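Open your viewer and get ready to select some residues. We will walk through the structure one stop at a time.

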Amino acid sequence: MKLKVYADRMSQPARAVIIFCKLNGIDYEEVRVDISKLQHLTPEYSEINPMKQLPAIVDGRFKLFESHAILIYLACSYPGIPDHWYPADVCKRSEIHSVLDWHHSNLRRGPGIIYQNIISMPVIGRRFNPEAVAEGEKFLSASLSKIESFWLKDKGQFLLGGNKPSIADLSLVCDIMQLEVLDEADRDRLLGPYKKVEQWIENTRSAANPHFDEVHKILLKVKEKRQNLRLKGANNEGGGSAMKKPLLSRI
Amino acid sequence: MHAKKWRESKKTKMKLKVYADRMSQPVRAVIIFCKLNGIEYEEVRVDISKLQHLTPEYSEINPMNQLPAIVDGRFKLFESHAILIYLACSYPGIPDHWYPADVRKRSEIHSVLDWHHSNLRRGPGIIYQNTIPVSVLGRRFNPEAVAEGEKFLSASLSKIESFWLKDKGQFLLGGNKPSIADLSLVCDIMQLEVLDETDRDRLLGPYKKVEQWIENTRSAANPHFDEVHKILIKAKEKRQNLRLKGANNEGGGSAMKKPWLSRI
């Protein structure tokens, strides 16, 4: 039975799992679970993942949720996967576990909160929360600062040093990519202070292409759609570019 | 180089250092694991109430300024789940049930530990932080934060009760032996031991399987589990004494009968 990956490509951790599968030639079926239509809350999906989150996998009779656990499972279970993704060396593995654990309580809380409040909550009829966005930005800056000053402090191209990515690079970069739906000015304001982070994002993207860009196309479409909607709104109000307004007013 | 081989190649064996404050839930899990498995270590106390985790010296050990952290020779590591896995893989003679070699069982452990970060961990910790060291860290009691903590806790306990403990096994993965996941999550819930009995019962009482699982984990990890958790009993007694003093100064009567929020 083919591996099933339950995914919505708008979800950062879902993208990490899909890109990993594609990069490593893992044969899988992508089962779309549309978050914007609340399909992750259906009884059918609860059978797959009682926590009602994405991604989840079903491999034969084995079900698994939590993207970090999934990435590790795939790296250990499928043949021919290069060691750099999840090294056999215990110390290197521990460093991966450490950064992935830190990610849960830190970086993940940044882009996700910003994105949810600006993009996905309006879709499901919830109100934009400027305090939540401000908190998200605070988490994001603190996290990027840690990555810049600690994990990327040496000359390596990736979080563990060295010149090959691990599942930690893939997971964290997919999270930061959520910011691609924002306007250039906001994205640059949030990421611009962190030059090593920007280089590391590019390194990870190159190492994971062409699949990385293909899987992230969905974010570009969302960005375009949002820009078009705003331009329509600006035109109706008498013209002028919405791009120059601060982030919070551009929803 | 493999951690074990690196250590064996050294002429003098450097003892593992565990940077710890036993008031921290994840710290207790690491210390109990070391004691249970005969891992020789030096416990280096880093007192959170004195903000020692924020010193430049400690930042050299863990730049994230959190506990626990370990130093094993030249290898430094932070994040308790990563530490537990590292110890299980690096030290000899550790029973397989703590972190099984079977990839699927390991994956289930990773899954529950990851879920823990975003769910259960946000419950007892928030409740504890907002009720106990208010005077110690100079922070104000925040009833909204406590309410949010209680909400996370209830939702998390409900999930543990209905999903991981739904079958007849004594522990999260089923079966009759604990894993590092049981140790980690139960140590978190134990933080509630500093609360009054009525509040603890109110929060945990609806979850009978959870209560049994806590007892199972405690039995499996004793006598070390109780020994490491003594600090919470002391913290609870100190808090009760402070409140009784305050109640007596206000004209007597037991503070114990007042509603939860007023008993700080």
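Seven residue pairs are in polar contact between domain 1 of chain B and domain 2 of chain B, counting pairs with both residues at pLDDT 80 or more. On the side of domain 1 of chain B, the elements that give two or more residues are helix 2 (25–36) and helix 4 (80–90) of chain B. Helix 2 of chain B gives the most, with nine residues. By class, that side of domain 1 of chain B has twelve nonpolar, four polar and four charged residues. Keep in mind throughout that this is a predicted model.

The contact takes 20 residues from domain 1 of chain B and 23 residues from domain 2 of chain B.

How much area do domain 1 of chain B and domain 2 of chain B bury between them? The value is about 1900 Å², with 67% of it on carbon and sulfur atoms. Next, select Q25(B), I32(B) and H81(B): in domain 1 of chain B, they lose the most area to domain 2 of chain B, together 32% of what that side buries.

Time to look for charged pairs. Side chains of opposite charge can pair when their charged atoms come close. Two salt bridges are found across the interface of domain 1 of chain B and domain 2 of chain B. Show the side chains of K35(B) and E227(B) to see a salt bridge of 3.5 Å, N to O.

Stay in chain B and pick E211(B) and K208(B), which form a salt bridge with their closest N and O atoms 3.9 Å apart. About one helical turn separates E211(B) and K208(B), because they are three residues apart in helix 10 (residues 208–221) of chain B. E211(B) is partly exposed at 27% relative accessible area, while K208(B) is exposed at 57%.

Move to chain A and select K223(A) and E184(A), a salt bridge with the closest N and O atoms 3.2 Å apart. This pair links distant parts of the chain, 39 residues apart: K223(A) is in helix 10 (residues 211–236) of chain A and E184(A) in helix 8 (residues 184–191) of chain A. Is K223(A) buried or exposed? K223(A) is buried, at 8% relative accessible area, whereas E184(A) is partly exposed at 46%.

For a last stop, select R9(A), K22(A), E30(A) and E214(A), which are linked in a network of salt bridges.

Notes. Residues are numbered from 1 along each chain as its sequence is written. Chains are lettered from A and ligands numbered from 1 in the order in which they are written. This is a predicted model: local features need pLDDT of at least 70, side-chain atom pairs count only at pLDDT 80 or more; totals for chains, interfaces and linings use all residues. Side-chain values use heavy atoms; hydrogens and water are left out. Contact means heavy atoms within 4.5 Å. Buried area is the accessible area (1.4 Å probe) that two parts lose on being put together, summed over both. A salt bridge is a side-chain nitrogen of Lys or Arg within 4 Å of a carboxyl oxygen of Asp or Glu. A polar contact is a pair of N or O atoms within 3.5 Å; within protein, one must be able to donate a hydrogen and the other to accept it, and residues adjacent in sequence count only if both atoms are side-chain atoms. Helices (H or I, at least four residues) and strands (E, at least two) are DSSP runs, numbered from the N terminus. Ala, Val, Leu, Ile, Met, Phe, Trp, Tyr, Cys and Pro count as nonpolar, Asp, Glu, Lys and Arg as charged, and the others, Gly among them, as polar. Buried means under 20% relative accessible area, exposed over 50%, partly exposed in between (1.4 Å probe, protein chains only).
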